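Hi everyone, thanks for making time. Let me put the model up, and then we'll walk through it together.

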Amino acid sequence: MNKRYFWIIVAIFALYSCAKREYYTIHSFPKEGDAILLKEIKYDPTEYFLADISWANGYWIYELRDEPFFILLDRDLNEIAHFGRKGNSPNEFLSPMLSNVISDSNAVNIYFYDWDKGRLYNASVNKNNGDVHISELKDFGKSMRYVRALDDGRYICSAENNRYYFLEKNGEEHYLEGWGNEVNEAVELSSTYVPTFQSRSDVSPDNNLFAVYSISHQVLILHDMNGKRINTVYISKEPDMGLYDSDVGSFNGITFLGDVIVALYESVEDECSYLMVFDRELSPLKRYRLPIDGNILTGNPEEGVVTVLSYDDEKMYCYDLSEWL
Amino acid sequence: MKNLIIFSSISFLLCTGGIAIKAHITSDDFLNANAEALLESRSLPDITVNCFMETEFKMGHSFYYCFDCRRYINAAGIGKMMTCQLNFNQE
């Protein structure tokens, strides 16, 4: 009799452990190490008051905190073009944010959206003479935290309430898995609403993954391009979503290198920044402790180099992560 | 017969004049009521929002700054959270 109860309990535990969990919490990484610093690049904030940096298709894109909002540079940091006037007129911008960069033989196409205006634009920069042609691609009719045009005609969007959804070609909106839970329209549609959970996101270069990293909490979420949630991970412990800012940590960037995902994590607990390496299902692989406070991350997937920008140091630090290529 | 025609004409003129004056008064009333409604709608109630006294630059973040109770983009509030009154009438 006792034996029967024992096996029933074992079966219940087995079923429980087999059930798909909505998230898992990472308490430690299988490997720890120090990243190899390749070089430091000092920048002059009076020349470039940097907000964000991106490496894409062999070019650097600087996003500045004031006009001109965008600078396109070659791989040796020689300026090719700058654009983005501040204002409310056509082809002027209030809060432009980089969305995507595509390069062809003649031009670098920089896709960006204006958060306040809720519009997506393309700046086509002539590679030979640096001429810039800006065109408006879509007006979403409301302010947008994130917009990304996909190859199949859809958009991934996040409006002021920070819930990610696909905007289909026929205009229908479909939440990505998990983002449509417990929507309180009465609260979230208010023009004054500021979500406690705030995030940024990126699409992998092969267009197969969509990663969301929280800039307010220790949360990383991975989707496939059908919106299915592949995984959700918390660092150290489950976050308190009622707080505007986590007392544990938050992410400052993500980049895709080879078959791994590299995230820049700012730990409040450890008072330092980490580069965290995950596989394509968000299983932890390795963590590198950085001797700097990192604010922005971008990666060069061709060479296996990641660059971390530190506002305090007014420097960009390039680290060798080619072991993951 | 002549008197009947004159009486009818005067009555017609008085009636059409009265209708016109009444319509004018009604129209004015209608406009006034609309104007009052518009004025009332401008007096939206104050809304309380969570705000912070200190801030740091952070891409993709937004928050309300207690000093002017306005929302800022690409910045995060730090330190103690407070509340402020968002007064639409002042904007």
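Predicted model: local features only at pLDDT ≥ 70, side-chain atom pairs only at ≥ 80, totals over all residues.

Setting aside neighbours within four places in sequence, Ile156(A) is in contact (heavy atoms within 4.5 Å) with Tyr146(A), Val147(A), Arg148(A), Leu150(A), Tyr164(A), Tyr165(A), Phe166(A), Val203(A), Phe210(A) and Met225(A). By nonpolar core I mean buried Ala, Val, Leu, Ile, Met, Phe, Trp, Tyr and Cys residues joined through side-chain atoms within 4.5 Å, with buried meaning under 20% relative accessible area, using a 1.4 Å probe and protein chains only. As for the largest core, it has 47 residues, and Tyr62(A), Ile156(A) and Phe210(A) touch the most other members.

Now, the two chains. Chain A brings 24 residues to the contact and chain B brings 18. Together they bury about 1700 Å², 60% of it on carbon and sulfur atoms; that is accessible area (1.4 Å probe) lost on putting the two parts together, summed over both.

How many salt bridges are there between chain A and chain B? Two, counting a side-chain nitrogen of Lys or Arg within 4 Å of a carboxyl oxygen of Asp or Glu. Arg71(B) makes one with Asp116(A), where the closest N and O atoms are 3.7 Å apart.

A word on bookkeeping: residues are numbered from 1 along each chain as written, and chains are lettered from A and ligands numbered from 1 in written order. Local features need pLDDT of at least 70, side-chain atom pairs need 80 or more, totals for chains, interfaces and linings use all residues, and side-chain values use heavy atoms, without hydrogens or water.

Methods: Buried < 20%, exposed > 50% of the residue type's maximum accessible area, 1.4 Å probe, protein only.
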